[in-house]
Amino acid sequence: MSVATAAGHAAAQPRARHSPSFALAYGVGGVAVLALILLGHVALDRGWLDVGASVPAVVRSFSAAVFLAIGLSSLAGYAGRGAASNLILGVAFTGTALILAVRLVLHVVAFVTGDGSLYEITARLSFSQHTYLPLTILLGLAFVPPRDGQERPRAHRGFLLASAGLVLLGTVGALSPAFPGSIVEGTVVARPSASWVVSAYLVLLALIWRRADLSATVAGRWLVFALFVGFLNQTLVAPFWHAASTSGAALLDALVTLLMVLVAGAGVVLEARHGALEQAAALARARVEAAERARIEEALAREAARLRVANEELAQYAYLASHDLQEPLRMVTNYLQLIERRYADVLDDDGRQFMHFAVDGAVRMKRLTNDLLLYSSVSTKALVPALTSAGAAFEAARKNLELAIVESGAEVTSDPLPTVWMDEGQLVQLLQNLIANALKFRRQEEPPRVHLSAEQDGDVVRFSLRDNGIGIDSKYADRVFGVFQRLHRSDVIPGSGIGLALCRKIVQRHGGRIWFDSVVGEGTTFSWTVPAEPVSLAPARPEPEDAELERRVSSLIERARELI
Amino acid sequence: VAATLWVALLIAWSTATLFLVLGLGLLRRPATSEGPRLANVLFAVWWIGLAASNAITGMRILLVALDMPLTLFVGLQFINAAAVTMGLAGLLYYLLFLFTGRSFLLWPLVVFYALFCGWIIRSTGTWRPVGVEVSATGAALLYEHPIDGTFRLLALLALVGPQLVAVAALFALATRLPPSASRVRLLTVAGAIALWFGAVFALPVTGDATVAQVARLLVPLVAGALVLAVHYPPSWLRERLPPEIPVSAPREAA
């Protein structure tokens, strides 16, 4: 019999399914334990189990043998594989077998010599035995955690020493009159081991339940079942001792212990056999899956490369198209304007109007190709991020727009701005587009006011550009950043519909995001984030207390939404 | 065995089934991360613990009918102690996580309530069970040295006091939530838990014995049915429930 699967192996593999034989063995075993307990209560109550002290002793000897067999095989498994779970089981069950053996010897001696005081000592040893098992496992989990799959020989030695200390302490304690025995004032329903050991079992079951890496192993499942039956032993079997016949109670206690060990042992054998087959099947499955995964990854890589080339070609095409269109467009525009100027007097009113439409269309088309060229160049040109002063970029953008600012009587200001990790040219372009937008979409009744601020938010810098313009209705939120998307007719407010799309592309290329908040008739705030260079940024402003409170309440409501 | 006992058994096992269905359903509820997942599982432990406790209540009646020995009742009492204390640990952890969002309290709670369970088991022996008292609606252990009234009340307060405070906080949280299905669930769960505590702990201490016994049977059934209904609403109820709280997200265009 061998506890085959190592904790480390199981941790590296997907959680094994419970085989039908495993579930059947544990199901039948569980029912058998419960049936035995139930019958035992009835038999004791009816006085059918008034046997001599030697009978329970014989049963215990079988239990000791089975405990020892499982313990030693687990230790052998540990010697072979070094798995911590095998070590924990091996020490726990070998130690329990040793205590059982001592109890057995004492029984025999007491029977032969007729020394009644020895029975009291065996009762105390029962306490040691029931305490040793959960405490050893607890120590094992604390000393040799196989969570990361790394075995720790030093921890193993510490665990072995601590376990030996526990056996010694339990044995010495059993021989000392300072420790209470099982029999208290003629009734033993309150034997100490039945209460605190239950607590230990509950904590242990919770611990192993949380240790998915351990409970996924064969040995771990064994452990869970053994602890569960141990828990039943301490709850449903403990009151046996309340019955009149202590020898009968001892017999049933021993029988249940034997049965639980046999059932759990059978589960281990079945699972170890099935586990070996499952491991082989899992290995074969893993090979097939690895081959399939490699094939898919290769196909994905091919597809990604194809898409990248297509994307580059498309961007190049857009660039070339817009670039090459400029020359013929310039000719069309120039000659149309020439015709309009020279032959205006030979054309009638309709002709002059048609000519005006043609010139206007050509001019707009030229602007579109210019903007498209700019847009595609953001993608095609290599990004050169560097430490860039946002303040300098803001000044450059303001200078580029000086004429429009003066004409509109705008007030364009900023807070002190940090240094960011961006392509300088693109940052200027971004600011220029947003400020130009603010000047363009202004309210007629008052001059434009534009203000730029920035603050550090974790590992990004968040910029906010606030204006007092006409605002954007939130129903257009999806369209604002689209290419060629316009919310106003071009004859009312000129533009190509590329400006904000360009802003989004620049921010995205720098790993940030952009969004806006707006109130129609009051103004718009465009916000965007870009990665920060931590050392070069101004310290983040502390959040005010009410903001912190608000954040906590929001977080509470979020949890409530998920948990209620 | 009186007919009322069979009715009580039916009610207790029906309640246990409701709680079990609820607990198993919670175990399958998806979560966004490990913290909420664990809280969900521990909340399921509470309902499953209650299911076990109600099943044991019914089982006691069956044992009376089958004339089973006292020792088996004592054993069931031990199992019941474990089911209730672990359930309470689960509930308290869930509530603490809900209010703080922190997971570090799991092990202190498990250890505290496991020790509490050990204390109950130890005390059961000290109180000396001498027989089973059968009433019209159930069966309970009869002790030679039953626990003193004031001490019993203090022990109960130590056991369930934190949960009662947390349930009051749940009601307070409901005022923070916008009208939504989550708020209906929150109020129902808080109300059900408050009802359960009232029926199981407060009534036997202060109320009339018969009323208390009937309430102890019926209140958990009603509470369980209500909680199950708001978690898995039938179509007619679903149509009447307000929508869920919308997920808040920044208005992001990029």
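Trainee: α14(A) passes α15(A) in a left-handed crossing. What makes a crossing left-handed?

Mentor: A crossing is left-handed if the near helix is turned anticlockwise from the far one by less than a right angle, and right-handed if clockwise. Residues are numbered from 1 along each chain as its sequence is written, with chains lettered from A and ligands numbered from 1 in the order in which they are written.

Trainee: At what angle do helix α14 and helix α15 of chain A pack, and how far apart are their axes?

Mentor: α14 (residues 424-440) and α15 (residues 499-509) of chain A pack at about 145°, with axes 9 Å apart. The axes are lines fitted to C-alpha atoms, for helices over the stretch in contact, and angles run from 0 to 180 degrees between N-to-C directions. Helices (H or I, at least four residues) and strands (E, at least two) are DSSP runs, numbered from the N terminus.

Trainee: Which residues of α14(A) and α15(A) make the contact?

Mentor: Contact means heavy atoms within 4.5 Å. Among those that meet this condition are L430(A) and L434(A) of α14(A), with L502(A) and I506(A) of α15(A). The residues of this contact divide into 7 nonpolar, 5 polar and 1 charged. Ala, Val, Leu, Ile, Met, Phe, Trp, Tyr, Cys and Pro count as nonpolar, Asp, Glu, Lys and Arg as charged, and the others, Gly among them, as polar.

Trainee: How is α12(A) oriented to α14(A), and why?

Mentor: The axes of α12 (residues 390-400) of chain A and α14(A) come within 8 Å and cross at roughly 50°. That makes α12(A) oblique to α14(A), because angles under 35 degrees count as roughly parallel, over 145 as roughly antiparallel, 65 to 115 as roughly perpendicular and the rest as oblique. α12(A) passes α14(A) in a right-handed crossing. The contact includes F394(A) of α12(A) and L431(A) of α14(A); by class, there are 9 nonpolar, 2 polar and no charged residues.

Trainee: What is the orientation of α4(B) to α5(B)?

Mentor: The axes of α4 (residues 106-127) and α5 (residues 149-176) of chain B come within 12 Å and cross at roughly 160°. α4(B) is therefore roughly antiparallel to α5(B). The crossing is left-handed. Y113(B), F116(B) and W119(B) are the residues of α4(B) that meet α5(B), and the contact divides into 7 nonpolar, 1 polar and no charged.

Trainee: How much area is buried between chain A and chain B?

Mentor: About 4,700 Å², of which carbon and sulfur atoms give 70%. Buried area is the accessible area (1.4 Å probe) that two parts lose on being put together, summed over both. In chain A, E562(A), L563(A) and I564(A) lose the most area to chain B. By contact, 49 residues of chain A meet 63 residues of chain B.

Trainee: What is the mean pLDDT of chain A?

Mentor: The value is 74, where pLDDT is the predictor's confidence in each residue, from 0 to 100. For chain B the mean is 82. Over residues 1-17 of chain A, pLDDT stays under 50. Where pLDDT is low, the predicted coordinates should not be read in detail. The predictor gives the complex an ipTM of 0.80 and a pTM of 0.61.

Note on methods: Predicted model: local features only at pLDDT ≥ 70, side-chain atom pairs only at ≥ 80, totals over all residues. Heavy atoms only, no water.
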